[in-house]
Amino acid sequence: MSNNWQYTHGGEELGPVSPAELKRLAASGGLLPDDKVWREGMERWVAARTVKGLFAEQATKVQADEPPPLPP
């Protein structure tokens, strides 16, 4: 299974990118909390803000049916 992420931004589907690149995009504004993200093994696209550790200043409790956190 791949660790790489697909994401949407500005109405475009982009990627794949590594977890580190996804986090860099989030920090630089290239990925917004309401943009969607997905990676292999996930049932559906989810809002980027739901990925634990992606937006440190907007940390939210991840629900059981939401994606796992980014690997360190």
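## The β1–β2 hairpin

Gly-10 adopts a positive phi near 60° in the hairpin of β1 and β2, where 2 residues lie between the strands. Strands here are DSSP runs of E with at least two residues, and helices are runs of H or I with at least four residues, numbered from the N terminus. The model is predicted: local features need pLDDT of at least 70 and side-chain atom pairs count only at pLDDT 80 or more, while totals for chains, interfaces and linings use all residues. Residues are numbered from 1 along each chain as its sequence is written, and side-chain values use heavy atoms, with hydrogens and water left out.

Strands β1 (residues 5-9) and β2 (residues 12-17) pair in the antiparallel sense through 4 bridges; pairing requires at least two DSSP bridges between two strands. Thr-8 stands opposite Glu-13 in β2.

Leaving aside residues up to four places away in sequence, Trp-5 touches several residues, including Pro-19, Leu-22, Val-37, Met-42 and Leu-70; contact means heavy atoms within 4.5 Å.

## Thr-50

Thr-50 is found in the segment after β4 (46-47). Thr-50 counts as buried because its relative accessibility is 12%; buried means under 20% relative accessible area, exposed over 50%, and partly exposed in between (1.4 Å probe, protein chains only). A polar atom of the Thr-50 side chain lies 2.7 Å from the backbone oxygen of Ala-47.

Technical notes: A polar contact is a pair of N or O atoms within 3.5 Å; within protein, one must be able to donate a hydrogen and the other to accept it, and residues adjacent in sequence count only if both atoms are side-chain atoms.
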